[in-house]
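Trainee: Please take a close look at one part, the ligand site. Start with the backbone around it, then describe the lining and the contacts.

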Amino acid sequence: MNTPTLKDRYKDYFDVGAAVWPDAPETHGELIKRQFSCLTCENAMKPAVLHPERGRYDFAAADGLMDFASQNGLKMRGHTLLWHNQTPDWFFKRPDGGGVSREELLETLREHIHTVAGRYKGRVFCWDAVNEGLVDSSGGFLRDTPYLRIVGEDYIDLAFHMAHEADPDALLFFNEYNECEPEKRDRIYTLVKGLIERGAPVHGIGMQAHWYLGNPDIDEIRAAIEKYASLNVILHVTEMELSVFGWEDRRTDLTEPSPWMLETQAERYGEIFRLFREYKDVVRCVTTWGVADDYTWLDDFPQKGRKNWPLIFGADHTPKAAFDRIVQF
Ligand code: HAH
């Protein structure tokens, strides 16, 4: 009965958020309202869902989640205005099948960003203006995407300007994964430094934090936070979870997590949140990519048909050992 909650325990530190889907208010509403102070739509605000065809928007799912957030005093992070994935082909192709021009794509993007960010103005407090624009492998810089090929290297700058015009009060983020891996970290740093120098309205870096039991190392996480913070931007941990399987591990035999997995995971959640608390002046929001272990995007990814248990609440919605380590300080 005296169990603390995440949002109370962290109210002097940062917002604690969860990614949600259209049914989540029914299936996970009580847990969300009790524990979290912020939401992100896992898919409902992505271009593919909001803007399936030229000239047609579908706001039903996003509006439902936005209303749930507003009615319960929860903040909403916007995810995402520009991404090369989960964006319909029509953004990049003419009805006759030919490719669109730079001007046409920029007009589509401008209209999309103004409509979406305009609709949620004053309700969505920050946007992932651009999601995942950088290469992973060594060598190269900007990821090869239709936006890069059609618009050119200034597309990220332009997207930030459009988002700022559409909602001047929203905090704007560049959001990336593998953000603690040293080469990718340095690319993110270089990209955001360039945006700032060129006068683009970028306010923060989103560290997705799709992490594992074995990596990244706590010192790498610290080094990434330090490096990003040196740009005087704020940081949001936007999509955190700790997969119980390494990226290369494709075993499919488990029907429940082993005691070792749960203990290692708890220990790591504990040390990582301790680090976040240390950086509370820059780390302003920490969001897990899901609510509880009964549903996570990792149930099918990267290994089809395999369940994962990466979050801090169990499949039965009760706190895991990870929760105890996070709130005990
Ligand atoms: C994230 N990409 C996306 O930002 C989020 O919108 C999505 O729901 C899940 C993960 C991370 C990612 C990926 O999509 C594929 C491979 C590695 C990482």
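Mentor: Gln86 is placed in the loop between strand 3 and helix 6 (102-119); helices (H or I, at least four residues) and strands (E, at least two) are DSSP runs, numbered from the N terminus. This is a predicted model, in which local features need pLDDT of at least 70 and side-chain atom pairs pLDDT 80 or more, while totals for chains, interfaces and linings use all residues. Residues are numbered from 1 along each chain as its sequence is written, and side-chain values use heavy atoms, with hydrogens and water left out.

The phi of Gln86 is near 45 degrees, a positive value in a residue other than glycine. The bond joining His79 and Thr80 is cis, with omega about 5 degrees, and Thr80 belongs to strand 3. The bond from Phe301 to Pro302 is cis too, with omega near 0 degrees; Pro302 is found in the loop between strand 9 (283-288) and helix 12 (321-327). Most residues other than glycine have a negative phi, and most peptide bonds are trans.

His79 and Phe301 both return in the shell of the ligand, which also has Lys46, Trp83, Asn131, Glu132, Tyr177, Gln208, His210, Glu239, Trp289 and Trp297 (a heavy atom within 4 Å). By class the shell holds 5 nonpolar, 4 polar and 3 charged residues (Ala, Val, Leu, Ile, Met, Phe, Trp, Tyr, Cys and Pro count as nonpolar, Asp, Glu, Lys and Arg as charged, the others, Gly among them, as polar).

For Glu132, a polar side-chain atom is 2.7 Å from a ligand nitrogen. Glu239 has a side-chain N or O atom 2.8 Å from a ligand oxygen, and for Asn131 the distance to a ligand oxygen is 3.0 Å. Taken alone, the ligand exposes 420 Å², of which the protein buries 84% (Shrake-Rupley, 1.4 Å probe).

The ligand sits in the largest pocket (more than half of its atoms within 2 Å of the grid points). That pocket contains about 750 Å³ of space. It is lined by 37 residues, the closest to its centre being Tyr177, Gln208, His210, Trp297 and Phe301. (On a 1 Å grid over the protein atoms alone, a pocket is an open set with protein on both sides within 12 Å along at least five of seven lines, a cavity is a set where a 1.4 Å probe fits but cannot get out, and lining residues have an atom within 4 Å of a point; points join across faces, edges and corners, and volume is the space filled by probe spheres set on them.) Strand 3 (75-83), strand 7 (210-212) and strand 8 (234-243) each give at least two residues to the pocket lining, which splits into 13 nonpolar, 13 polar and 11 charged.

Definitions and conventions:
Polar contact = N/O pair within 3.5 Å; in protein donor to acceptor, adjacent residues only side chain to side chain.
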